[in-house]
Amino acid sequence: MSRIQFHPPAYVQRYEAVRDVLEKDPRWASNLKSVICRARFILLRTFKFLSVMLIVILQVIDYGCNDMAFFKYLKQIPGVEEIYCIDVDPDTLKARYRNVQPFHVDYLNQRKSPLTVQVLLGSVVDPDSIVKDCDAVVAIELIEHLYPEELEKFPANVFGFIKPKVAVITTPNVEFNVVFTDLVGFRHPDHKFEWTRAEFQKWATDIVTKYPDYEVSFHDVCLGPDETRNLGGCTQMAVFYKRFDLQTERVPGQEGLLIPVILYNYPYYSDKRCVKQKIHDDAVFHIHNNGSPEVPLDYIHNKVKDYEISLMELKEFLESYHWTIVRKEDGYVIKVPEYNVFSTESDEEDYKTDEECVVRTENEQSPSDPIIENWDSD
């Protein structure tokens with residue numbers, strides 16, 4: 001190929017484009033923290049259960065994971081708690097499965113939520129029960145490696161069996177190949193085809209026609225120099241969103257089609273305090289850390305803003321713990337007594353009986369040994 005260079009490299013741009021769909025899409029990016037925090041705080045104030053419809057990406061399948069290079073992007077996405085790395089090549093998995101294990105830094109700087117990573121040997125057309133109803137499917141530069149019969153069955157597995165909330169598929173844009181002046185044939189010897197943008201869009205549009213609960217959008221990734229913009233990107237990406245659940249008949253699945261290779265449970269820090277206690281502790285800390293006998297309520301509100309609590313709700317909340325709050329010209333201020341008891345026995349009892357105080361299971365487990373035998377014998 002010619003020496004055209006991408007900045008950042010093309011593979012990085014692909015990974016970042018897919019990650020951004022999973023992490024920043026407004027369909028779920030704003031839900032994970034704000035809605036949950038808000039619902040929990042209202043629950044604490046009213047003691048009523050709320051029914052909140054959330055669209056959250058918790059489980060991700062990485063089809064054609066190969067050397068696990070995309071995993072480091074996946075594990076950083078807030079909210080993701082289960083990752084399935086699936087590939088059909090046992091030699092690749094044997095050589096690379098350790099790339100998804102927790103490192104020393106993962107024990108020193110622990111996550112705030114659990115993460116389970118499972119490496120599986122199998123095909124993209126295997127409707128295995130283990131991946132049923134996963135939230136997201138990713139196939140980066142994969143479909144061009146599939147034989148015609150596999151390519152034909154691939155949509156049925158993804159959209160007819162797994163039925164994810166989102167599926168992201170990338171593939172080379174053959175129109176861009178003219179930029180690689182010394183390229184003969186396809187970009188990789190294992191490619192079975194390379195599509196134009198029109199061909200890729202027809203394939204994807206046919207999928208949403210067959211599975212009408214999905215819609216699809218198309219994106220150019222890895223743009224070249226200005227004079228090549230008419231060719232599109234080096235990579236083309238289709239993003240399939242599940243608009244609604246039509247309760248259509250699911251493609252039959254079965255267990256045991258995907259062979260487990262290894263499973264890792266990442267260590268994570270489990271803060272067992274309920275939301276009410278967290279707000280109280282944070283507020284009290286910042287009140288006394290301010291060092292003033294009168295602390296502006298706005299100042300404390302800014303410190304606890306991650307809990308999605310309004311200024312007046314915070315005022316009522318602190319007053320319920322016997323803090324004196326008065327209104328002055330510049331707004332409300334918290335009167336800090338010279339001697340103050342931070343917490344009482346009754347407060348602790350409130351925390352213990354609060355419905356939000358749920359004790360998690362043990363948060364750290366040792367990685368499993370590989371299930372495929374004798375991989376470490378050579």
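**Entry: the length of α7.** I am working with a predicted model. I looked up helix α7, residues 197-210, and checked its length. It has 14 residues, so at 1.5 Å a residue it should span 20 Å. I then looked at the C-alpha atoms at its ends, and they are 20 Å apart, which agrees.

**Entry: the sides of α7.** Which residues of α7 are buried? I noted F200, W203, A204, I207 and V208. They cover an arc of only 135° around the axis, so they lie on the same side of α7. Next I turned to the face pointing away from that buried side. There I found the exposed residues A198, K202, T209 and K210.

**Entry: a sheet.** I moved on to an open sheet of three strands. I wrote down its order as β9-β11-β10, and the pairing is antiparallel. Which strands are at the edges? They are β9 (294-296) and β10 (324-328), and each pairs on one side only. From one strand to the next, the twist averages 35°.

A reminder to myself: strands of a sheet pair through backbone hydrogen bonds, either parallel or antiparallel.

**Entry: β10 and β11.** How many bridges join β10 to β11? I recorded five, with β11 covering residues 331-335 and the two strands running antiparallel. I also looked up the bridge partner of T324 in β11, and found K335.

Methods
Residues numbered from 1 in each chain as written. Predicted model: local features only at pLDDT ≥ 70, side-chain atom pairs only at ≥ 80, totals over all residues. Heavy atoms only, no water. Pairing = 2+ DSSP bridges. Helix = DSSP H or I, 4+ residues; strand = E, 2+ residues; numbered from the N terminus. Axes fitted to C-alpha atoms, helices over the stretch in contact; angles between N-to-C directions. Expected span 1.5 Å × (residues − 1). Buried < 20%, exposed > 50% of the residue type's maximum accessible area, 1.4 Å probe, protein only. Arc of directions from axis to C-beta.
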